[in-house]
Amino acid sequence: MPRQIVGKGLRLTLRHAPCAHICRYCLISETRKGSALPFARFEQLVHRFYDWKASVGRDDLGIGIFVGPSFDYDLETLRGVARLRARRGGKFEILNLGGLRIRRGDALVAWLEERQAAGIVGLHTSLAGCDETHDRWNGRRGDFDYQTTILRLGGERGMVRHERLFLTQNTLAQFDRLLDVLDHIPGEVRNRYVTLFFYAGLASRYEDERITEEIRDRLPERIGRLRQGKFQDWRSEREWIPIMMETADKPRKLVLKLDVHEGNIDQLEKSSCEAIFTERERLYQESYRSIPSLGELCARYGDPTSRKVYMMSRDVEGRWIDRHAHETGGKPPID
Ligand code: SF4
């Protein structure tokens with residue numbers, strides 16, 4: 001029996017602001033190319049989805065957006081993203097530094113201060129080690145310096161910061177120095193956490209960099225205490241398997257992604273939200289038709305001896321699906 005899929009939400013994405021990184025662990029490398037669709041049309045479509053969700057009482061359905069791949073927005077887009085975030089009851093006030101173009105000196109300060117005046121109160125950085133190691137993971141020489149320069153400028157202006165620090169085999173030894181550098185930057189650290197690579201996108205090529213149970217269980221306290229937030233259940237494949245099998249007969253609940261661009265906007269504008277969602281769900285179900293049930297995937301590809309550590313059961317399932325696609329010559333399902 002194929003894997004059953006149920007859509008638990010829709011994430012509308014717009015490739016609007018180009019990304020100036022080439023991260024080796026990028027989850028969305030295929031969407032780094034920009035779209036010519038004006039933001040205003042995208043925004044209108046998303047507002048319509050929020051109106052529809054409210055009018056039909058679909059409280060169970062999450063409607064989300066991703067306007068990217070970088071947050072290098074002009075001010076008009078920034079305000080538009082804030083309006084959409086407000087529809088979910090949230091605020092858009094933390095700016096992600098991933099993939100920003102290089103700006104220097106006065107131009108950088110002016111850029112930052114303009115965003116602060118527009119309501120941005122903090123900055124989010126993702127760092128994979130320090131110096132050349134980070135630069136190599138992110139595909140841009142000098143990026144570690146650039147990230148810390150912006151954090152420093154922000155801190156000096158009262159902006160808070162969020163820091164996501166990747167833990168891999170090759171960043172582990174650099175953590176002390178990384179934390180020392182970050183601790184010397186002025187300003188409030190509102191959120192600092194250690195993360196592993198998800199098994200997705202380009203990151204799936206780096207299984208050799210994945211930490212093991214042994215490393216996890218002996219992490220220095222200074223790193224271990226940063227294991228927090230949504231994905232703090234770090235388990236090895238052998239530890240995930242029994243947990244996954246408890247719910248193996250349940251459908252996989254997915255947030256369905258919909259890339260909105262100049263090629264499909266006319267059609268989307270003519271269609272009802274209900275029809276768009278139903279069609280998206282149908283396409284996902286169709287793409288999962290050749291994927292065996294979770295129990296079957298596990299029996300064929302699961303490794304109950306593997307001590308490599310993952311943050312989500314979905315990462316482990318992703319590996320099995322990839323192996324299945326590889327062995328059968330089929331296409332992996334939409335993700
Ligand atoms: S900044 Fe984000 S979108 Fe750009 S390459 Fe890195 S991970 Fe991918």
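This is a predicted model: local features need pLDDT of at least 70, side-chain atom pairs count only at pLDDT 80 or more; totals for chains, interfaces and linings use all residues.

Visitor: In what sense do strand β1 and β2 pair, and over how many bridges?

Guide: Strand β1 (residues 5-17) and β2 pair in the parallel sense over eight bridges. Strands are DSSP runs of E with at least two residues, helices are runs of H or I with at least four, and both are numbered from the N terminus. Two strands pair if DSSP finds at least two bridges between them, so the eight bridges of β1 and β2 qualify. Leu 14 stands opposite Val 67 in β2, and the bridge partner of Arg 11 in β2 is Gly 64.

Visitor: What makes β2 and β8 edge strands?

Guide: The open sheet has three strands in the order β2-β1-β8, with parallel pairing. β2 (62-69) and β8 (252-259) each have a single partner strand, so one side of each is left without a neighbour in the sheet. From one strand to the next the twist averages 30°; angles are taken between N-to-C directions and run from 0 to 180 degrees, with axes fitted as lines to C-alpha atoms, for helices over the stretch in contact.

Visitor: How do you know that β1 and β8 are paired?

Guide: Eight bridges join β1 to β8, and the two run parallel. Gly 9 stands opposite Val 255 in β8. Helix α11 (residues 273-287) lies across β1 and β8, at about 105° to β1.

Visitor: Which other strands run parallel to β5?

Guide: Six bridges join strand β4 (residues 122-127) to strand β5 (residues 160-166), with Leu 127 opposite Leu 165 in β5. Six bridges also join β5 to strand β6 (residues 189-195), where Tyr 193 is the bridge partner of Arg 164.

Visitor: Why is α3 called oblique to α5?

Guide: Helix α3 (residues 105-117) and helix α5 (residues 143-156) pack at about 55°, with their axes 11 Å apart. Angles under 35 degrees count as roughly parallel, over 145 as roughly antiparallel, 65 to 115 as roughly perpendicular and the rest as oblique. The value for α3 and α5 falls in the remainder, so α3 is oblique to α5.

Visitor: Which residues of α3 and α5 meet?

Guide: Leu 108, Val 109 and Leu 112 in α3 meet Ile 150, Leu 153 and Gly 154 in α5; contact requires C-beta atoms, placed from the backbone, within 7 Å. These residues divide into five nonpolar, one polar and no charged. Ala, Val, Leu, Ile, Met, Phe, Trp, Tyr, Cys and Pro count as nonpolar, Asp, Glu, Lys and Arg as charged, and the others, Gly among them, as polar.

Visitor: Why are α12 and α13 called roughly perpendicular?

Guide: Helix α12 (residues 294-301) and helix α13 (residues 313-328) pack at an angle of about 75°, with axes 10 Å apart. That angle lies within the perpendicular range, and the label therefore applies. The contact includes Leu 294 and Tyr 301 of α12 and Trp 320 and Arg 323 of α13. By class, the contact has six nonpolar, one polar and two charged residues.

Visitor: What makes α1 roughly parallel to α2?

Guide: Helix α1 (residues 39-56) and helix α2 (residues 75-87) pack at about 5°, their axes 10 Å apart. The angle is under the parallel limit, so α1 is roughly parallel to α2. Phe 39, Glu 43, Val 46, His 47 and Tyr 50 in α1 meet Thr 77, Gly 80, Leu 84 and Arg 87 in α2. The classes here are four nonpolar, three polar and two charged.

Visitor: What makes the peptide bond between Gly 68 and Pro 69 cis?

Guide: Omega is about 0° at the bond that joins Gly 68 and Pro 69. Pro 69 is placed in strand β2.

Visitor: Which phi does Asp 131 have?

Guide: Asp 131, although not a glycine, has a positive phi of about 45°, and Asp 131 lies in helix α4 (residues 131-138). Most residues other than glycine have a negative phi, and most peptide bonds are trans.

Definitions and conventions. Residues are numbered from 1 along each chain as its sequence is written. Two residues are in contact if their C-beta atoms, placed from the backbone, lie within 7 Å.
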